[in-house]
Amino acid sequence: MGDAVVKSTVRMGDAVVKSTVHQQQPVYHQKEKNRSPISKAVMLTKVFESLPQHKDVFKKHVLGLILDYTAALEGYGNGNGNRRNRMDTSLKNALLPAVFALLNTISEFELQQLNTLLSTSTSKVLFRGIYQKYQTTLYKGQY
């Protein structure tokens with residue numbers, strides 16, 4: 001199940017060399033089909049938590065990811081504008097730490113841009129709730 005076969009033929013002058021290599025796929029590819037959306041959200045959070053170290057590189061993509069998250073909360077995440085596919089509450093709660101990690105990477109200017117880019121009043125209300133939760137989780141210092 002996890003093996004991939006790579007066959008190659010190389011001509012060197014009059015000689016023909018044929019080789020077959022069996023490559024095993026990494027474990028994370030084999031188990032990917034069996035993972036629940038919650039465990040995938042936890043893995044995504046781990047990836048997003050490493051972004052603040054490289055925020056200059058990824059900063060331009062963070063706004064789009066947050067916009068996609070708020071659109072999925074509204075139910076527009078399926079691409080056709082239909083609001084019937086809203087995100088589960090358990091998945092929303094599992095993805096919140098990932099969104100908080102994304103919010104760690106943006107500055108006040110990008111936050112203003114994000115507020116401008118939120119298209120509907122519903123998405124602005126949803127984002128306001130997320131941002132208020134984010135602000136309560138921030139480390140304020142010792143006192």
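Tutor: Two packed helices are described by the angle between their axes and the distance between the axes. Here helix α2 (residues 37–49) and helix α4 (residues 89–103) pack at about 5°, with axes 8 Å apart. Axes are lines fitted to C-alpha atoms over the stretch in contact, angles run from 0 to 180 degrees between N-to-C directions, and helices are DSSP runs (H or I) of at least four residues, numbered from the N terminus. The model is predicted: local features need pLDDT of at least 70, side-chain atom pairs 80 or more, while totals for chains, interfaces and linings use all residues. Residues are numbered from 1 along each chain as its sequence is written, and side-chain values use heavy atoms, leaving out hydrogens and water.

Student: How are α2 and α4 oriented to each other?

Tutor: They are roughly parallel, a term for angles under 35 degrees. Their contact (heavy atoms within 4.5 Å) involves residues including Leu44 and Phe48 of α2 and Leu91 and Leu95 of α4.

Student: How is a pair of aromatic rings described?

Tutor: It is described by the distance of the centres and the angle of the planes. Phenylalanine 100 and tyrosine 134 form a tilted pair, 5.8 Å centre to centre with 45° between the planes. Rings of Phe, Tyr and Trp (its six-membered ring) pair if their centres lie within 6.5 Å; planes under 30 degrees apart are stacked, over 60 edge-to-face, and the rest tilted.

Student: Which parts does the pair of phenylalanine 100 and tyrosine 134 tie together?

Tutor: Phenylalanine 100 lies in helix α4 and tyrosine 134 in helix α6, so the pair links parts 34 residues apart in sequence.

Notes:
Helix = DSSP H or I, 4+ residues; strand = E, 2+ residues; numbered from the N terminus. Parallel < 35°, antiparallel > 145°, perpendicular 65-115°, else oblique.
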